[in-house]
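Q: Please take a close look at a single part of this structure. I would like one connected account.

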Amino acid sequence: MTSSTAVVLLSGGLDSFVAAALARAAGFRLLALSVDYSQRHGVELAAARRIAAALGAERHVVLPLDLSAFGGSALTADIAVPKEGVGEGIPVTYVPARNTIFLSLALGWAEAGGARDLFIGVNALDYSGYPDCRPEFIAGFEALAELATKAGVEGRPFRIQAPLQNMTKADIVREGARLELDMGLSWSCYDPTAEALHCGLCDSCRLRHKGFVEACVEDPTGYAAMS
């Protein structure tokens, strides 16, 4: 790997798809990292594999890390996923320290191979209010990476790239359309049905559909219901 290689966190969701595609468009060779954390919506890992193949990732690692051992989230424990709409406060779908954990893993892979850029698809406008999606978190982790690594101490810092940070979901959909992505490859739902459909009612489904509607782009998603 060289400085023209980027480690991209690829969940299988729409945001990570667009962020990874932007990395590719910027000329980076892609190393895609997905984490199998025993999430309720494990179907997203199949989406991540589809996306990694579609983007021509040089390598795609699906790393097992069972966060259900800790619980504390509707995505990793027997807690109902809210279906009433995006509300105030941090919802129970927040996974404790998830992006900190995932970026740490991506940082380890980047340092091991000499890559300097890490891409993550967080945004802080149309989102569920997770603290680890905010610009302050991204800036803080980038500072931490410089302190915590041999490369950083030796003057070769890492760049944590969050190209969707200040985009609305509609902006993200428009960017996906501009990049001519098959956005139907991605998966957003936190509580998929037995028929592998998006539930249509969880926060993630609502934000996804809202983005397509506001962007005036046809939504390729199959929903079991829609509010």
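In which sense do strand β1 and β2 pair, and over how many bridges? Take β2 as the part to follow from there.

A: The model is predicted. Start with the pairing. Strand β1 (residues 5–9) and β2 run parallel, and five bridges link them. Thr 5 sits opposite Arg 29 of β2. Between these strands the chain passes through α1, and this β-α-β crossover from β1 to β2 is right-handed.

Now the other pairing. Strand β3 (residues 59–64) is also joined to β2, in the parallel sense, by six bridges. Here Asp 36 has Pro 64 in β3 as its bridge partner. The chain gets from β2 to β3 by way of helix α2 (residues 43–54), and this β-α-β crossover is right-handed.

Next, burial. Of the eight residues of β2, six are buried, so the strand is largely enclosed by the rest of the structure.

A search of the whole structure finds one cavity of 30 Å³ or more. The largest cavity holds about 660 Å³ of space. Two or more lining residues come from each of α1 (14–25), β2 (29–36), α3 (98–113) and α7 (203–215). In total, 33 residues line the largest cavity. Nearest its centre lie Ser 11, Asp 15, Arg 98, Gly 121 and Tyr 190. By class, the lining has 15 nonpolar, 12 polar and six charged residues.

To recap: β2 pairs in parallel with β1 and with β3, and β2 contributes to the cavity lining.

Terms used
Residues numbered from 1 in each chain as written. Predicted model: local features only at pLDDT ≥ 70, side-chain atom pairs only at ≥ 80, totals over all residues. Heavy atoms only, no water. 1 Å grid on protein atoms, 1.4 Å probe; cavity = no way out; pocket = protein on both sides within 12 Å on 5 of 7 lines; lining within 4 Å. Points joined across faces, edges and corners; volume = space filled by probe spheres on them. Helix = DSSP H or I, 4+ residues; strand = E, 2+ residues; numbered from the N terminus. Nonpolar A, V, L, I, M, F, W, Y, C, P; charged D, E, K, R; others polar. Buried < 20%, exposed > 50% of the residue type's maximum accessible area, 1.4 Å probe, protein only. Pairing = 2+ DSSP bridges. Right-handed = clockwise from strand over helix to strand, strands pointing away.
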